[in-house]
Amino acid sequence: MTAPAPHRPHGGLTHQSLVYGSDEEFLAATVPFCREGLTRGDAVLAVTTGTNIGLLRRALADVSGRVEYVDAQDWYHHPGATLGAYHRYVGRCTATGAHQRVRVIGEPVWHGRDALETTEWTRYESAINIAFADCPAWIVCPYDTRVLPPAVVADARRTHPGPATAGAALASDHYAHPVADGVWSRPLAPVRAEGEEAVLSFGADLTDVRTFVADTAAALGLAPHRTPTLVFAVNEVATNAVQHGGGAGRLVLRRCGPRIVADVVNTGEAEAAWYLGYLPPDPRQPRGHGMWAVRHLCDLLEVHTDQEVTTVRLHMGLD
């Protein structure tokens, strides 16, 4: 494994995969990446495993103190919050002019994820390509073939426009753009509810929605400190349903293992993109911030439209 290809400065995102199978391969790519970034005055952030952080600290020795390190377990909690954290990091580093660009080693956590979580983290990796398209960021995402399932490694080639290689920048033959028809959008999988589902039809007045969510979630076992967050998130989605989907909707709440799952369903709305809420809103816009906030607050968020029926599914852990 060799160092990433030289970045072609254009003010926007470079997003590369780094598939490696040894410590030596990891360091051969990431050490030059960090050193070159520091030489150019870029901010450098390494979000990776504790073991890899140790490897980088030793290999970078003289300049290690100028790199910001974060254990991936402390960063990759759920997709919306992680994307928001990266967005804030880019803003913090570039807003004052201290750095013109940021470089990130971002190694997602795949161990311990169930099938749904793995799917949504994969779609998160795809969404980065449009969420950060105009950001002055160069992100290299390592994938360790020694511990990762082959399917996860294969998806890395679909979610990253190119690999981290030396010499001329290469394009991935398997890359699938986030808005490619039928690639990343998928039907919602059936959920296995424990007990009966709680259902509420609602109109323009969302008072009943907020009360229903608070009371039902508590009865289903949601921790008290998480209840206001779920109430806010559902209220935001229901507001969108009323404003853009014909003035009414239906809410379904149930407990599914360690999560509360809420579906907000409405008809008559134009097709909603699966990546709804992943794109940072323009701060100058008076509206359009709600789904960005909901992505941050929920553990997982799924969006699907089928025959003019749009379902926004929110997942929130009990604790």
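Is Cys256 buried or exposed, if we go by its relative accessibility? At 13% relative accessibility, Cys256 counts as buried, where buried means under 20% relative accessible area, exposed means over 50%, and partly exposed covers what lies in between, with a 1.4 Å probe and protein chains only.

Before I go on, a word on the basis of all this. This is a predicted model, in which local features need pLDDT of at least 70 and side-chain atom pairs count only at pLDDT 80 or more, while totals for chains, interfaces and linings use all residues. Residues are numbered from 1 along each chain as its sequence is written, and side-chain values use heavy atoms, with hydrogens and water left out.

Let me stay with the cysteines for a moment. A disulfide is a covalent bond between the sulfur atoms of two cysteines, and here it is assigned to a pair of cysteine sulfur atoms within 2.5 Å. The structure holds zero disulfides. For Cys256, the closest cysteine sulfur belongs to Cys298 and is 14 Å away, which is too far for a bond. Cys34 is likewise buried, at 0% relative accessibility, and its sulfur is 13 Å from the closest cysteine sulfur, that of Cys141, again too far for a bond.

Now to the packing. A nonpolar core, in the sense used here, is a set of buried Ala, Val, Leu, Ile, Met, Phe, Trp, Tyr and Cys residues joined through side-chain atoms within 4.5 Å. The largest such core has 40 residues, and among these Tyr76 and Tyr86 touch the most other members. At least two residues of this core come from each of β2 (43–48), α3 (79–94), β4 (102–106), α4 (115–131), β5 (137–144) and α5 (150–159), where helices (H or I, at least four residues) and strands (E, at least two) are DSSP runs numbered from the N terminus. The largest share, six residues, is supplied by α3. Apart from this core lies another, of 33 residues, including Phe212, Ala217, Ala238 and Ala262.

If we set aside neighbours within four places in sequence, Tyr76 is in contact, meaning heavy atoms within 4.5 Å, with Val47, Thr82, Tyr86, Gly106, Glu107, Pro108, Val109, Arg113, Trp121 and Tyr124. Not counting residues up to four places away in sequence, Val104 touches Phe33, Leu45, Tyr86, Tyr89, Trp138, Ile139 and Val140.

On a 1 Å grid over the protein atoms alone, a cavity is a set of points where a 1.4 Å probe fits but cannot get out, a pocket is an open set with protein on both sides within 12 Å along at least five of seven lines, and lining residues have an atom within 4 Å of a point. Grid points are joined across faces, edges and corners, and a volume is the space filled by probe spheres set on the points.

Around the largest cavity we find Pro79, Gly80, Glu120, Tyr278, Arg295, Cys298, Asp299, Leu300 and Leu301, with α3 and β10 (300–306) as the elements that give two or more residues to the lining. By class, this lining has five nonpolar, one polar and three charged residues, where Ala, Val, Leu, Ile, Met, Phe, Trp, Tyr, Cys and Pro count as nonpolar, Asp, Glu, Lys and Arg as charged, and the others, Gly among them, as polar.

The second largest pocket has a volume of about 350 Å³. Its lining comprises 19 residues, of which Pro108, Trp110, His111, Val147 and Leu148 lie nearest the centre, and β5 gives the most to this lining, with three residues.

Glu117 is buried at 19%, as is Gly317 at 10%.

Finally, please look at the loop between β10 and β11, which contains Gln307 and Glu308. Neither is a glycine, yet Gln307 has a positive phi of about 50° and Glu308 one of about 65°. Gln307 is exposed, at 73% relative accessible area, and Glu308 is exposed too, at 55%.
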